[in-house]
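Okay, thanks for having me, everyone.

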Number of protein chains: 4
Amino acid sequence: MVSFECDYIAGAHPEILKRLAETNLEPMSGYGFDPYTEHAKEKIKKACGCPEAEVELMVGGTQTNAIVISTMLNDWEGVIAADSGHVSVHEAGAIEYTGHKVIELPAVDGKLSAESVRNYLQTFYSDVTHEHMVIPGMVYLSFPTEPGTLYSKAELRTLSEVCREYGMVLYLDGARLGYGLMSKACDLTLAEIAELTDVFYIGGTKVGALCGEAAFFTKGNKPKHFLTSLKKRGGLLAKGRLLGVQFDTLFTDNLYFEISRHAIEMAERIKEIIREKGWRVYMDSPTNQQLIIMNEDEMKRLGEKVRFDRWGVYDEEHTIVRLASSWSTSEADIDELKRV
Amino acid sequence: MVSFECDYIAGAHPEILKRLAETNLEPMSGYGFDPYTEHAKEKIKKACGCPEAEVELMVGGTQTNAIVISTMLNDWEGVIAADSGHVSVHEAGAIEYTGHKVIELPAVDGKLSAESVRNYLQTFYSDVTHEHMVIPGMVYLSFPTEPGTLYSKAELRTLSEVCREYGMVLYLDGARLGYGLMSKACDLTLAEIAELTDVFYIGGTKVGALCGEAAFFTKGNKPKHFLTSLKKRGGLLAKGRLLGVQFDTLFTDNLYFEISRHAIEMAERIKEIIREKGWRVYMDSPTNQQLIIMNEDEMKRLGEKVRFDRWGVYDEEHTIVRLASSWSTSEADIDELKRV
Amino acid sequence: MVSFECDYIAGAHPEILKRLAETNLEPMSGYGFDPYTEHAKEKIKKACGCPEAEVELMVGGTQTNAIVISTMLNDWEGVIAADSGHVSVHEAGAIEYTGHKVIELPAVDGKLSAESVRNYLQTFYSDVTHEHMVIPGMVYLSFPTEPGTLYSKAELRTLSEVCREYGMVLYLDGARLGYGLMSKACDLTLAEIAELTDVFYIGGTKVGALCGEAAFFTKGNKPKHFLTSLKKRGGLLAKGRLLGVQFDTLFTDNLYFEISRHAIEMAERIKEIIREKGWRVYMDSPTNQQLIIMNEDEMKRLGEKVRFDRWGVYDEEHTIVRLASSWSTSEADIDELKRV
Amino acid sequence: MVSFECDYIAGAHPEILKRLAETNLEPMSGYGFDPYTEHAKEKIKKACGCPEAEVELMVGGTQTNAIVISTMLNDWEGVIAADSGHVSVHEAGAIEYTGHKVIELPAVDGKLSAESVRNYLQTFYSDVTHEHMVIPGMVYLSFPTEPGTLYSKAELRTLSEVCREYGMVLYLDGARLGYGLMSKACDLTLAEIAELTDVFYIGGTKVGALCGEAAFFTKGNKPKHFLTSLKKRGGLLAKGRLLGVQFDTLFTDNLYFEISRHAIEMAERIKEIIREKGWRVYMDSPTNQQLIIMNEDEMKRLGEKVRFDRWGVYDEEHTIVRLASSWSTSEADIDELKRV
């Protein structure tokens, strides 16, 4: 059965499997001290136009969030996030497990506004008892957001300014970064993201890799003794080559961007089908995830031909259904959806 | 200068100091294995009409919250609290430091409603991905709440029912419990609180003691090896007698309730003064803390004669001012306030 | 250059890459809810003769240790390990990061003896203050041990008995389990390990996989809500298929055991070469890692032709050198070593 | 019955109770922002001859150790301690609870030697894999040590030099600091301790106070936002005056030193009695705790007249018995012991 369940239904882009096979028996040192990891880091820095940056490869998204946040926050600090953010809702408390609070602010269209962050900070610092409270040390965004929306360049710039004004780290979760960058609605480049944030990660798991996320410390701000902190958190992979070869491949010949663009094209086709079918849109998304509202009957019918995700509860009778495209979505998949 | 800054401006009730002095040179074992701690526990259980309960004395409120919550939650669980709750805002992330999320729901008049908790749980459990989220294992209330309001018996009963239905612990933070119970608006007894909750604590610090809170595990549900977990969290006092003598005194001859009643009488006098002066009330409180709204000029004038607390930010030009009574508030203090 | 640096110098066994490629475009649900993970679990349980067991696949060894230990220990407990154990030395404090102490006992030949564990426990429990100490809740072993030695069946049985007597979990770290089981010196079967321990893990990373370890809860004792605890610790892989396909392949047609046996045969050849060359043995090992003592000159000479690991410091002038074989070691590699 | 069980069998020095009573109804701000806390800090800095230091008052010893260690260590670091140290054995894993490893080195006479620390560090840093291990960031000493021994000035200086050479913090746990300083065997002054260490604490609980320890950051090195980190760990006392008045009293007119000297004189009398009785000494101690070895019969006899502590297990038939003097030990107590 054809599946639009999520953007991690398939394995890896075939080019990645090919490179893993080609390099398979080359003896290499572990823990990221292999040449492919080195190449991957260089290519990523080049793609970001940010030679002074430092890149660290990790296995998964929740892991990357927990490690980046907990190694960059000071003891007394917490991280501000949208109340719909991945770290707020869908990581089973992974940030709190590191001893830090997620300070949740109301999201609008899945996004944090600079205004709400600024208001929070102004109230916080005008409260004379704020030393008894978690001190905001970071702002967490995701790009695209959970429901698939995007920050504009102007929005990201304003958030960046607020962060710098208040001495906070700006962190951007790019689990689906490629799908954001290739969206027609996106007015940001990778280089601009590197300029405006302090740290972000480039998601591999959802964009062509078997696993892997590349954390990007933009300003010589990688935490000291990072390898030790990574190991302490169970995040250091023995066969670092698995991540190195994958990201080296993704950042060779623009592969990461090409396959992301393909996913966006497939998403545009899905949006057309949604319009044609008259399905009710939950939130308009310019990226690879489309959210629609369905009742049980509608889901039953859809489910006969297509696998999808019950993304959230809309009301007692309706569910928010996600139809996701990805690098692996084919024309045939789209045709199948059309026939529902 | 007379002070209504908070309910911990004075030392201990004189009877406590007297008993500390009388027992001072009796040699006793440490860590709570002294006779006064034993007596205190028995008297507290009697006052709660709950002989099968277990009592543990700790030093402070944030410590007690962190210890009770982290020893009673399972690894995968978090605690639901009002977004204005002490654990949500004023404990510098002490709960998160133990690795558990505080799941914040909007407070109404400082309170959590059973309805909002139930709605949260229904949505939570109807979300098929809820195993990726922090599972609610406890509901945290405070009585009185942060702004001084009270749960009615009916409200507490409904919350208790929700907790039992969903297998959650109901925990009541009684930092100011005496002031709640002695309020004219209170329709709950200590015994009813013991019946309706799973665990609560009786605050000493704010009700006549130098320090000390008595955690009350109502149903034979004290975590195993509690002494070890207490020590591990830095909460085990070597000279347990300091807590034992204080609570033994507070629960002899109804002292805890008598001094709480006095504070409430003084609070009623403060409310009269607020009415007379025409000060703007932020939230009506039937307990020992009165919250009013003032601008800088008004605070400056008030501050010439009286110490008060800037409890919170109301808007850009106004502050929420707290005037608190306590066991130590005297008629003379009230007269001084009148003269402002 | 030929490498005996460690047992994770190569990628995956070619059969694994083949299966990853074959299944690559099949759409599957994430987080381990794919058919290959299901098959892998069934095959592993069958190989262990333990149908009532529960299996969980994780990415790496340190991660697996931290997750198994922290989810199985009670709050007040710590884990006993040899002072040379991986959790004691080489995990950058990953166990302590979860809030639990590693109670280190002196190793003899890399092993914990039941006698030293029993002595520790007897002294511990006869100390009247032991409630002020970390209570031993688990014994951690590795098989093979860090220097490559093995527990005999009699030794494991006695350790198992001590654990049961004192109500402790017996946990066996099998990062190199295949190499232990296939050693000629091994008198234990996988089924016996499953019978004598409470939990262990079967290492994939060092035995043919790109990554992956299979935790095996032998007695219906998998921690509740394990998926949530796994996610909370950043250990839940989105594309669970990566682990599922690998372990499904390793446990099809005895592949795991066949490739382990090959590594042991290669190790026997290395031992012969060590004898021939007259190199000084640090500790005799019946498994895939051979430890020898060399000075800088000797290492320099060896290093001209062969990559090896500086495993530890022997004395000011000597280093303990590791020569490891693995599933990927070829006859040609051995010939090259011979020519040194 | 007379008790030599420990040095926390009595309440507070009477002068402290008197001052608590005298200041009892003065309204004061909480959380240490009261004048007595201010005075206490100034007097302590003066006593240490260290005006640039910063002092923080906390409630108990384990709490102070956990807070100082966890706020001063970096994420990737652990603390070196003697394997008999309080943090190694008797704090129920409180340091590990903060996520940091206690790296235990063998104690000689309860002490860490600079030589063993240096050897550990040399081996550590010559191990090429040390980034996979917990990096030593602090050395923890206690003065007096657990069995009551003392570091000489020369020993402390050498440890201080090792710490500076390797960029580590030197922390001295002074739970019984007064008893160390007043020992005839002590060749160190408080000012010298402040000079040679980076941080230490002056114990109140065991030296005349009801509770309280004064952490002393000697070199402008108090962790930033300390109040927030303290609150986060449940260590911030609402009525800071309880600690302030006590330390203000202890550091007025040399009270802390006078009462410590008295305890040492009483300890000398106990040593005489031990010699007279022919009791077997476990370890010779120049401070307030005397450790002797007794079998069950001997303890039974002693226990008829005297309360003592079973300090540790000596062998299957013998126990290490502690007889402690303190500021509260009277001549009459000593006479009673003589009559045993």
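Quick housekeeping before I go on. This is a predicted model, so local features need pLDDT of at least 70 and side-chain atom pairs count only at pLDDT 80 or more, while totals for chains, interfaces and linings use all residues. Residues are numbered from 1 along each chain as its sequence is written, and chains are lettered from A and ligands numbered from 1 in the order in which they are written. When I say helix or strand, I mean DSSP runs numbered from the N terminus: H or I with at least four residues for helices, E with at least two for strands. And strands pair if DSSP finds at least two bridges between them.

Back to strand 6 of chain B. Leu172(B) sits opposite Phe200(B) of strand 7. Strand 5 of chain B (residues 135-142) also pairs with strand 6, in the parallel sense, over five bridges, and there Met138(B) has Val169(B) as its bridge partner.

Buried here is 20 or more other C-beta atoms within 10 Å of a residue's own, exposed is 12 or fewer, and partly exposed is in between, with C-beta atoms placed from the backbone. Val169(B), Tyr171(B) and Asp173(B) point one way, and Leu170(B), Leu172(B) and Gly174(B) point the other.

Over to chain C for the whole sheet. Seven strands form an open sheet in the order 2-8-7-6-5-3-4, with mixed pairing. Strand 2 (54-58) and strand 4 (102-105) of chain C are the edges, each pairing on one side only. Strand 2 of chain C runs antiparallel to strand 8 (residues 213-217), with five bridges between them, and Leu57(C) stands opposite Ala214(C).

Most residues other than glycine have a negative phi, and most peptide bonds are trans. In chain C, though, Phe143(C) and Pro144(C) are joined by a cis peptide bond, omega about -5°, and Pro144(C) lies in the loop between strand 5 and helix 7. Chain D has a cis bond between Phe143(D) and Pro144(D), with omega about -10°.

Then phi. Asn254(B) isn't a glycine, yet its phi is positive, about 60°. Where is Asn254(B)? In the loop between helix 11 (241-250) and helix 12 (255-277) of chain B. Asn254(B) counts as exposed, because it has 12 C-beta neighbours inside 10 Å. His225(D) also has a positive phi, about 50°, and sits in the loop between strand 8 (213-217) and helix 10 (226-232) of chain D. With 19 other C-beta atoms within 10 Å, His225(D) is partly exposed.

Last one, also chain D. The axes of helix 6 (residues 114-126) and helix 7 come within 9 Å and cross at roughly 15°. Axes are lines fitted to C-alpha atoms, for helices over the stretch in contact, and angles run from 0 to 180 degrees between N-to-C directions.
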